[in-house]
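Student: Could you take me through this protein? I would like to know how one reads such a model.

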Amino acid sequence: MKYLAKLLADNRKAARKFEVRASGDEAEVFLYDAIVSDELEAEWFGGVAPEPFVAALREIKAGTIHLRINSPGGSVFAARAMEQALRDHPAKVIAHIDGLAASAATFIAMGADEVVMNKGALFMIHKAWTGCWGNSDDLRTEADLLDKIDGTLIQTYADRTGQSAEQIGEWMAAETWFTAQEAMDAGFADSIAQEEPKAKAAWNLSAYARAPQPDAPP
C-alpha cells in the first residue's frame, strides 16, 4: 500500500483528464489519470474512481468507443470494475495506449476488443502491492491473498495473449516494461498506431522499481 500511496502522492499535481466526447456513432473516453478506489480518494489525490467511469460509460450509445489511456495505474479492484464495465458494454471498444498503461491500467486495456499502442508508448505489468501490519499469521494471510490476486491477473493476461501462465508470472515478478513492439509481439497489443501520439507519459514513476528514466529513449 505504501507504494500505491507514493504513486498517488507523487502525481497529485500531474496534468490529468477524464472526459467523454461523442460524435455520431463513435465516442472517445480519455483516461489520462491514475485509478483510485473511490471518489473520496479522488478528491484527495486526484484520479478516476470506478463509479464515475462506469456511469459515464453506461451513458454512451455509440457503436464504437475509443478508450484513450495515459495512466500510471492504481487500485486493482477499482480497475477490475472498470475493466468489467468495458467488457459489458455492447459497443466495440478500442483501447489506444497514447502514452502509458502501467499496472492497473493494463488490465483495463485488456477489457477492450482491440488494443492499439502509439510508437513511443509503454505497457508495464507487475505483481500486486498491498500494505499490512499485524502478527506473522496476519502477514501470511495477506501474502496468500496477494498470490490469489496475482493469479487472477495472470489468467487475464494469459487469456488475452496466449502466453503461458509461467511466462506471464515471470514478467510480472520482474516488473516488465514493454515497448509498443514488444507488447505487440507478446500479445498484449494488436497493432501500433502510425500517427503521432495524443499524449506523452508525463508521470512521476519513482514508486516503481524498474521504471525507465524520464530521459530514456522509448
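Student: Where does the model come from, and how are residues numbered?

Tutor: The model is predicted; local features need pLDDT of at least 70, side-chain atom pairs count only at pLDDT 80 or more, and totals for chains, interfaces and linings use all residues. Residues are numbered from 1 along each chain as its sequence is written, and side-chain values use heavy atoms, with hydrogens and water left out.

Student: How many helices and strands are there?

Tutor: The protein has eight helices and eight strands. These are DSSP runs numbered from the N terminus, helices being H or I with at least four residues and strands being E with at least two.

Student: What share of the residues is buried?

Tutor: Of the 218 residues, 50% are buried. Buried means under 20% relative accessible area, exposed means over 50%, and partly exposed lies in between, with a 1.4 Å probe and protein chains only.

Student: Let us pick a strand. Is β3 mostly covered or uncovered?

Tutor: Strand β3, residues 64–71, is mostly covered, with eight of its eight residues buried. In a regular strand the side chains alternate between the two faces of the sheet. In β3, T64, H66, R68 and N70 lie on one side and I65, L67, I69 and S71 on the other, and all of these are buried.

Student: Which strands pair with β3?

Tutor: Strand β2 (residues 26–32) pairs with β3 in the parallel sense over six bridges, and E26 stands opposite T64 in β3. Strand β4 (residues 92–102) also runs parallel to β3, joined by seven bridges, with S71 opposite A101 in β4. Two strands count as paired if DSSP finds at least two bridges between them.

Student: What do β3, helix α4 and β4 make together?

Tutor: With helix α4 (residues 76–88), the strands β3 and β4 make a right-handed β-α-β unit. A crossover is right-handed if, with the strands pointing away from the viewer, the path from the first strand over the helix to the second runs clockwise.

Student: New topic: how many salt bridges does a search of the whole structure find?

Tutor: The search finds seven salt bridges. A salt bridge is a side-chain nitrogen of Lys or Arg within 4 Å of a carboxyl oxygen of Asp or Glu.

Student: What does E83 form with R80?

Tutor: E83 forms a salt bridge with R80, the closest N and O atoms being 2.8 Å apart. Both residues lie in helix α4, three residues apart, about one turn of the helix. E83 also meets R87 in a salt bridge (2.8 Å, N to O); R87 and E83 are four residues apart in α4, again about one helical turn.

Student: What about E114 and K92?

Tutor: Their side chains meet in a salt bridge (3.6 Å, N to O). E114 lies in strand β5 (residues 114–117) and K92 in strand β4, so the pair ties together parts that are 22 residues apart in sequence. Elsewhere, salt bridges that share partners join E28, R68 and D98 into one network.

Student: Finally, how many residues are in the largest nonpolar core?

Tutor: The largest nonpolar core has 53 residues, and those with the most contacts inside it are F53, L67, F123, Y157 and F188. A nonpolar core is a set of buried Ala, Val, Leu, Ile, Met, Phe, Trp, Tyr and Cys residues joined through side-chain atoms within 4.5 Å.

Student: Which residues does F53 touch?

Tutor: Not counting residues up to four places away in sequence, F53 touches F18, V29, L31, V48, L67, M82 and L86. Contact means heavy atoms within 4.5 Å. A second, separate core of 11 residues includes L122, M124, L205 and A211.
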